[in-house]
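Hi,

Here is the structure I said I would pass on. Have a look at it first, and then read my notes below.

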Amino acid sequence: MNHYFQQASFLQSATTRNTLPPEGGLEIAFAGRSNAGKSSVINVVCSQKSLARTSKTPGRTQLINFFRLNDGHFLVDLPGYGYAKVPEAIRLEWQKFIESYLVERNTLRGLILVMDIRHPLTDYDQTMLQWAYRRQLPVHILLNKADKIARGAAGNVLLKVRKELADLHGVSVQTFSALNKTGLDTCWAVAEGWLGH
């Protein structure tokens, strides 16, 4: 258990740039396509069962949710719109909002990008990587649901993703399982490093 992240508590949600909290402490954002298990990852990282809401209908989160840590830093949950059944106009609005947050938020220190290890580097993932690369934002990729495939197969996916992203500076990749907490220590270490711990 990591007592630092365990102290995370919900602060507020934002639906537009105008409703974002003022920039104060440093921020780490979590992103992931709707079925990648992002909410479960946030809950495991924070050793809490329902800090981030997990939904049986992926794509329900349409807000940017801010969770405050005791020292004034934040974890930020970005909406995963990959599966959401919404009109194209709304989807584009979400994309614009998320892009502006990732590219313009000065206090943002890194992006944890959650992928389903069985379906890595989707169009959504590539878009997130492009936005992060544009502002030279470090990205740590969690190949989640590693418990769903054999260890050898998981290792092969890890090598393949690392090879594909070798040209992108500041991108690290690991296997992860929110279910059995494989890789949690590595994820904690990366996040703490970004926040200066």
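I'll start with the aromatic side chains, where the count comes to four aromatic pairs. The rule is that rings of Phe, Tyr and Trp (its six-membered ring) pair if their centres lie within 6.5 Å, with planes under 30 degrees apart counted as stacked, over 60 as edge-to-face and the rest as tilted. One of the pairs is F66 with Y101, which is edge-to-face at 6.3 Å centre to centre and 85° between the planes. Helices here are DSSP runs of H or I with at least four residues, strands are runs of E with at least two, and both are numbered from the N terminus. F66 and Y101 are both buried, where buried means under 20% relative accessible area, exposed over 50%, and partly exposed in between (1.4 Å probe, protein chains only). Together with F74, F66 and Y101 form one aromatic cluster.

Before going on, the housekeeping. This is a predicted model, so local features need pLDDT of at least 70 and side-chain atom pairs count only at pLDDT 80 or more, while totals for chains, interfaces and linings use all residues. Residues are numbered from 1 along each chain as its sequence is written, and side-chain values use heavy atoms, with hydrogens and water left out.

Now the sheet. It is open, has seven strands in the order β1-β3-β4-β2-β5-β6-β7, and its pairing is mixed. Two strands pair if DSSP finds at least two bridges between them. At the edges sit β1 (9-14) and β7 (171-175), each pairing on one side only. On average, neighbouring strands are turned by 20° against each other, direction ignored. β1 runs antiparallel to β3 (residues 64-68), joined by five bridges, and F10 stands opposite F67 in β3.

What about β2: enclosed or open to the outside? Six of its six residues are buried, so β2 is largely enclosed by the rest of the structure. E27, A29 and A31 point one way from β2, while I28, F30 and G32 point the other way. β2 pairs in the parallel sense with β4 over four bridges, and with β5, also parallel, over six bridges. A29 stands opposite V76 in β4, and the bridge partner of I28 in β5 is G110.

As for the helices, α5 (residues 151-164) lies across β6 (139-144) and β7, running at about 170° to β7. Axes are lines fitted to C-alpha atoms (for helices over the stretch in contact), and angles run from 0 to 180 degrees between N-to-C directions. Helix α2 (residues 38-45) is mostly covered, with seven of its eight residues buried. Those buried residues pack against α1 (3-6), β2, β4 (74-77), β5, β6 and α6, contact meaning heavy atoms within 4.5 Å. Just after α2, S47 takes a positive phi of about 50°.

Next, the cysteines. The disulfide count is zero, a disulfide being a pair of cysteine sulfur atoms within 2.5 Å. C46 is buried at 0% relative accessible area, and C187 is buried at 1%.

Last, the charges: there are seven salt bridges, each a side-chain nitrogen of Lys or Arg within 4 Å of a carboxyl oxygen of Asp or Glu.

- R17 and E104 form a salt bridge, with the closest N and O atoms 2.8 Å apart. R17 is in the loop between β1 and β2, E104 is in helix α3, and they are 87 residues apart.
- E27 and R105 form a salt bridge, with the closest N and O atoms 2.8 Å apart. The pair links strand β2 to the loop between α3 and β5, 78 residues apart. E27 is buried at 0% relative accessible area, and R105 is buried at 5%.
- R134 and E99 meet in a salt bridge at 2.9 Å, N to O. R134 is exposed at 53% relative accessible area, whereas E99 counts as partly exposed at 21%.
- D116, R118 and K145 are linked in a network of salt bridges.

Cheers
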